[in-house]
Amino acid sequence: MNKFNLLLAAGLVAAATPAMAEDSKGGFKEVNVITIEEAQNLGDDAYVIIQGNITNKIGDEKYTFQDKTGSVTIEIDDDDWDGVDVTPADLVEIQGEVDKGWTSFEIDVDTISKVAPEAKNIAAANN
């Protein structure tokens, strides 16, 4: 019986190894950009990707972010800027998590990047 358990464990490790190696190599992942309006309907800690403009700074690491469906407060830690400089005219992509409280909704930003005008998400822009 011990040999069976050993073979079973070895088989499970062997089956999981290609999947782990596949994740570490990287590759194509479809980006599903959503709107602020759609993000508001998601639960706390939901991962989101949104595109729009940072319109102003409202506090320490807090900013107003806006797309065609509304605006939301975002929090960008100083070390998450990664050298990106933006103005209100720059279209940016935000990746982060929804942070919902009893009466609040904001997005904690993990990454921010400028979006080339030809690469913007047409669906999000038209909403």
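Glu-93 lies in strand β4, which spans residues 92-100, where helices (H or I, at least four residues) and strands (E, at least two) are DSSP runs numbered from the N terminus. The model is a predicted one, in which local features need pLDDT of at least 70 and side-chain atom pairs count only at pLDDT 80 or more, while totals for chains, interfaces and linings use all residues. Residues are numbered from 1 along each chain as its sequence is written, and side-chain values use heavy atoms, with hydrogens and water left out.

With a relative accessible area of 13%, Glu-93 is buried, a term that stands for under 20% relative accessible area with a 1.4 Å probe and protein chains only. Its side chain makes a polar contact of 3.0 Å with that of Gln-51 (a pair of N or O atoms within 3.5 Å; within protein, one must be able to donate a hydrogen and the other to accept it, and residues adjacent in sequence count only if both atoms are side-chain atoms).

The protein as a whole has three helices and five strands, running α-α-β-β-β-β-β-α from the N terminus, and 28% of its 127 residues count as buried.

Leaving aside neighbours within four places in sequence, Ile-76 is in contact (heavy atoms within 4.5 Å) with Ile-54, Glu-61, Tyr-63, Trp-81, Val-109 and Ile-112.

Key: Buried means under 20% relative accessible area, exposed over 50%, partly exposed in between (1.4 Å probe, protein chains only).
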